Amino acid sequence: MAAVRARRGGRGYEPEPQRGKKRRKKMPSGPSPYESMPRIARIKLSGGLSGDDVQVTGKSLVLALTGAVFFLGAGIAGAAWLGSSLFDASEAFARSADAGAANVGFAIDDVQVAAMPGAPAITAARAAEIRALIVPEGRQSVLSLEPAEIQARVESLDWVASARVRRLWPDAIKVEVERRQEYALWQEDGEVSVIDVNGERMLAERAADHADLPLVVGIGAGPAAEPLLIALESLPQLRARLEALVRVNDRRWNVELASGATVALPEEGAPEALAQLEQLQTDHALLDRPVTRIDMRAPGRLAIRVHPALAGGPLMGGV
């Protein structure tokens with residue numbers, strides 16, 4: 001039997017495996033099926049790119065940035081070209097429609113410029129300045145004129161306080177204007193300007209053309225002078241003798257008179273002090289006396305300094 005088994009073993013007989021031990025499968029040599037797949041297939045199978053799949057080099061980064069800049073510039077240039085083309089087309093259409101309206105009886109034939117009722121008259125030069133702002137370039141008909149836009153342009157002029165614009169069909173437009181009033185001259189840092197009642201400079205006006213206006217002097221004097229300027233309108237005797245209103249330390253005022261005298265006003269109640277001074281002139285002709293200084297800063301008191309040549313002598317009239 002042993003010889004038979006030996007012969008069977010020689011014919012390729014394999015002994016039975018021992019119990020409790022598993023055979024190991026031999027791994028085939030060469031690349032695995034996954035590694036032999038194309039790169040795109042591996043990316044899809046794994047669910048996306050991995051860190052190893054993304055390889056950024058300096059050259060690829062420069063190319064990407066160059067491309068981005070190129071496409072961005074092309075986009076901006078295209079948008080600008082398209083916007084310009086649309087604007088040109090819109091303008092061409094507007095001009096064509098405007099010319100058509102002018103040809104059927106709406107052509108601008110008359111532009112009227114006048115002062116508002118009760119406002120000061122407007123000179124011919126001022127009226128011509130307004131007319132130059134009314135009709136836009138390339139427009140011919142009344143339909144092309146927008147009253148609100150014309151009003152805004154006219155009110156942008158320095159000397160205009162307000163304006164009112166309306167169409168007079170079919171071929172005219174009327175502009176009514178209220179001028180800003182020249183109210184005083186303001187001297188600040190050696191420069192003299194014309195101001196209105198609000199203390200705002202009127203840049204279109206020359207100080208030399210308004211020498212009859214009252215003068216206010218000092219830093220911030222223009223905007224602060226309104227209460228005193230309004231009070232002076234009803235004080236003719238004081239106004240006739242006024243040389244200047246001088247701002248002191250941005251707190252109070254001195255009144256400089258044509259006689260050379262100075263009146264020191266209180267910080268509070270300066271308009272009332274001016275009215276009291278007017279009354280003293282009416283009752284005692286105080287402003288015509290040889291005084292050099294009148295101090296009204298202390299409430300209820302009036303200090304008067306006479307001219308040095310008359311010091312120690314009686315004040316004329318014995319006030």
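Helices (H or I, at least four residues) and strands (E, at least two) are DSSP runs numbered from the N terminus, cover is judged by contact, meaning heavy atoms within 4.5 Å, and buried stands for under 20% relative accessible area, exposed for over 50% and partly exposed for values in between (1.4 Å probe, protein chains only). The model is predicted, so local features need pLDDT of at least 70 and side-chain atom pairs count only at pLDDT 80 or more, while totals for chains, interfaces and linings use all residues. Residues are numbered from 1 along each chain as its sequence is written, and side-chain values use heavy atoms, with hydrogens and water left out.

Arg 126, Ala 127, Ile 130 and Ile 134 are buried in helix 4. Down the helix axis, the buried residues of helix 4 fall within an arc of 100° (taken from the directions from the helix axis to the C-beta atoms), so they line one face of the helix. An α-helix has 3.6 residues a turn, so residues three or four places apart point the same way. On the face turned away from the buried side of helix 4 are the exposed residues Ala 124, Ala 125 and Ala 132.

The chain as a whole gives the wider setting. The protein chain holds nine helices and eleven strands. Of its 319 residues, 28% count as buried. Contacts between residues 24 or more positions apart make up 50% of those in the protein chain with a separation of 6 or more.

Axes here are lines fitted to C-alpha atoms, for helices over the stretch in contact, and angles run from 0 to 180 degrees between N-to-C directions. Six bridges link strand 1 and strand 3 (residues 172-179) in the parallel sense, and Lys 174 in strand 3 is the bridge partner of Gln 112.

Eight strands form another open sheet, in the order 5-4-6-7-8-9-10-11, with mixed pairing. Strand 5 (191-195) and strand 11 (303-306) stand at its edges with a single partner strand each, so one side of each is left without a neighbour in the sheet. Neighbouring strands are turned by 20° against each other on average, direction ignored. Strand 7 is largely enclosed by the rest of the structure, because five of its seven residues are buried. Strand 6 (residues 215-217) runs parallel to strand 7 and is joined to it by two bridges, with Val 216 opposite Leu 245 in strand 7. On the other pairing, strand 7 (residues 242-248) and strand 8 (residues 252-257) are antiparallel over six bridges. Leu 257 in strand 8 is the bridge partner of Leu 242, and Val 248 stands opposite Arg 252 in strand 8. Strands 7 and 8 form a hairpin with three residues between them, and Asn 249 in the turn has a positive phi of about 55°.

Nonpolar cores come next; each is a set of buried Ala, Val, Leu, Ile, Met, Phe, Trp, Tyr and Cys residues joined through side-chain atoms within 4.5 Å. The largest has 31 residues, and Val 216, Leu 245, Leu 265 and Leu 274 have the most contacts inside it. Two or more residues of this core come from each of strand 4 (184-188), helix 7 (226-232), strand 7, strand 8, helix 9 (270-284) and strand 10 (291-295). Helix 9 gives the largest share, five residues. Leaving aside residues up to four places away in sequence, Leu 274 touches Leu 228, Ala 231, Leu 232, Leu 235, Leu 238, Val 255 and Leu 265. A second, separate core of 17 residues includes Val 113, Ala 163, Val 175 and Val 177.

Technical notes. Two strands pair if DSSP finds at least two bridges between them.
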